[in-house]
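Let's take a walk through this model together. Please open the sequence and the 3D view side by side.

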Amino acid sequence: MDEELHERVREVVAAVPPGKVATYGDIAALAGAPSPRMIGRILNEDGADIPWHRVLRANGTPAPHIAREQLARLRAEGVLAEGERVRLREHRWRP
DNA sequence: AAAGTGACTAGAC
DNA sequence: CGTCTAGCCACTT
């Protein structure tokens, strides 16, 4: 069942090291999700005990409703953002 | 069953 | 920088 997808997504997100970030698209590709949209959906449900804050949109900005929290957490890990946008060039995680 | 929705993306302008 | 389109897929109306 798609329990497996949830698990893989959790695993991939958990695999992103502190100080690094990944995009929804990256997570989707690595976890084998059918679409990046699924990632957000899954995190919304299972994001409780995984570092969801290391997941950004393709342009380096976080999703609007959680932007404050996310940027604060990232900053605490040493990921500096220009306004709302993180420099993916520097902080994007490559497996 | 058809239409709307959303933690998305890539491309066109 | 920005807006708009089209594609995406599980879920809710």
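We begin with a pair of helices and then turn to the DNA.

This is a predicted model, in which local features need pLDDT of at least 70 and side-chain atom pairs count only at pLDDT 80 or more, while totals for chains, interfaces and linings use all residues. Residues are numbered from 1 along each chain as its sequence is written, chains are lettered from A in the order in which they are written, and side-chain values use heavy atoms, without hydrogens and water.

Start with helix H1 (residues 3-15) and helix H3 (residues 36-46), whose axes lie 10 Å apart at an angle of about 90°. That angle makes H1 roughly perpendicular to H3, a label covering 65 to 115 degrees; helices here are DSSP runs (H or I, at least four residues), and axes are lines fitted to C-alpha atoms over the stretch in contact, with angles from 0 to 180 degrees between N-to-C directions. On the H1 side, Leu 5, His 6, Val 9, Arg 10 and Val 13 meet Ile 39, Ile 42, Leu 43, Glu 45 and Asp 46 of H3 (contact means heavy atoms within 4.5 Å).

H3 also gives the most to the surface near DNA strand B, with five residues.

Now zoom in on single atoms. A backbone N or O atom of Asn 44 lies 3.3 Å from a base nitrogen of DNA strand B. The side chain of His 65 has an N or O atom 3.2 Å from a sugar or linking oxygen of DNA strand B.

Terms used: Helices (H or I, at least four residues) and strands (E, at least two) are DSSP runs, numbered from the N terminus. Angles under 35 degrees count as roughly parallel, over 145 as roughly antiparallel, 65 to 115 as roughly perpendicular and the rest as oblique. A polar contact is a pair of N or O atoms within 3.5 Å; within protein, one must be able to donate a hydrogen and the other to accept it, and residues adjacent in sequence count only if both atoms are side-chain atoms.
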